[in-house]
Amino acid sequence: MVKQPDLRLLSTFLAVVDCGSMADAAAMLGYVPSAVSQHVAALERETGVELLVRRSGSRLILTAAGRSLAQAARTLFEATARFQDAADGIANREIAELRVGAYPSAISQLLSALGPRGLDARVRLVIVETEAGLPKVRSGDLDLLIAYRYLPEDPPASSAEWTVTSLGHEPLVLVAGARPGGRPLQWAECLGTAWTSGHGRSPDRRLLRRWAGELGISPEVTLETEDLHSMLAMIRAGLAVGLIPAAVISAAGDTGGVERVVLPPGVTPLHREILAVRRPGLRHPLIDELTAMLTVALESLQP
């Protein structure tokens, strides 16, 4: 055989084999008997062998070649069906393993929201910050990235490479170290003490500068770090005050030794926007479930 036979001809041939006669196969397929006969004859021409022995007044008899071709055709159609199921699953976004990247406190929130139920076996979590995670969405290494954005003009924005959905806003809380006697630090006192924040071009530092400019204040950042837990350690030690995401403060072990500073009337509280980033067209029930959990978790952090 020079080429793969026409699948339509193979399908007709299998119907003849199963039914035992041209007429019965024609009735099952909705063809006229002559069309079935023509299909079988065409298949024999393509294969170059006799597949059926036609005897007047008796049922059709398969030749050895016919039996071999029928078996191979069944295997082919079974494989085609499995392929179609897989293709339909891909079209319906039935991903075998969902790879989710998120910054540390988002993963903590997800695991906390799941509770005893635990994580679905099909979900693999990867701790990754927004900047490092975006290329992984583009390359397909991540199916979903939980990201954050401190300023509206900052990435990520929806594009041909990914879609961005806002899940809500996480408050940024001004905190100071606990003071002896329990007297909380006042806003005015914060303006005269050291602050901790990210490095000069980091998103949280740029937000702090914009906020300070709108308020007409000049907080002195003397302790720079990109690690939020290091910031908290500095604040606990009384070395600085700073703006910390609410989820980090409320995480287990992070509430002791720090106190929230009450902002005076007219001072707008800050927040960062939490985002879900995925490739365009990607749909999966687990993605919807995980993002819904984070949305509820964010709502619980609101003052």
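**Figure 1. Burial and fold of the protein chain.** Of the 303 residues of the protein chain, 43% count as buried (buried means under 20% relative accessible area, exposed over 50%, and partly exposed in between, with a 1.4 Å probe and protein chains only). The model is predicted: local features need pLDDT of at least 70 and side-chain atom pairs count only at pLDDT 80 or more, whereas totals for chains, interfaces and linings use all residues. Residues are numbered from 1 along each chain as its sequence is written, and side-chain values use heavy atoms, with hydrogens and water left out. The secondary structure comprises eleven helices and eleven strands (DSSP runs numbered from the N terminus: helices, H or I, of at least four residues, and strands, E, of at least two).

**Figure 2. The nonpolar cores.** A nonpolar core is a set of buried Ala, Val, Leu, Ile, Met, Phe, Trp, Tyr and Cys residues joined through side-chain atoms within 4.5 Å. The largest core has 54 residues, of which Ile146, Leu174, Trp195, Trp211, Leu243 and Ile244 touch the most other members. Another core, of 19 residues, lies apart from it and includes Phe13 and Leu69. In soluble globular proteins, nonpolar side chains tend to be buried together.

**Figure 3. Packing of helices H2 and H3.** Helix H2 (residues 22–29) packs against helix H3 (residues 33–47) at an angle of about 105°, their axes lying 8 Å apart (axes are lines fitted to C-alpha atoms, for helices over the stretch in contact, and angles run from 0 to 180 degrees between N-to-C directions). The two helices, H2 and H3, are therefore roughly perpendicular to each other, a term for angles of 65 to 115 degrees; those under 35 count as roughly parallel, those over 145 as roughly antiparallel and the rest as oblique. Met22, Ala25 and Ala26 of H2 meet Pro33, Val36, Ser37 and Val40 of H3.

Figure 4. Threonine 196 belongs to strand E7 (residues 194–197) and is buried, with a relative accessible area of 1%. Leaving aside neighbours within four places in sequence, threonine 196 is in contact (heavy atoms within 4.5 Å) with residues including Val221, Met231 and Gly242. A polar atom of the threonine 196 side chain lies 2.9 Å from the backbone oxygen of leucine 223.

**Figure 5. Glycine 266 in its loop.** Glycine 266 lies in the loop between strand E10 (258–260) and strand E11 (270–278). With 71% relative accessibility, glycine 266 counts as exposed. Glycine 266 and leucine 215 are 51 residues apart in sequence and 9.2 Å apart in space, C-alpha to C-alpha.

Key. Polar contact = N/O pair within 3.5 Å; in protein donor to acceptor, adjacent residues only side chain to side chain.
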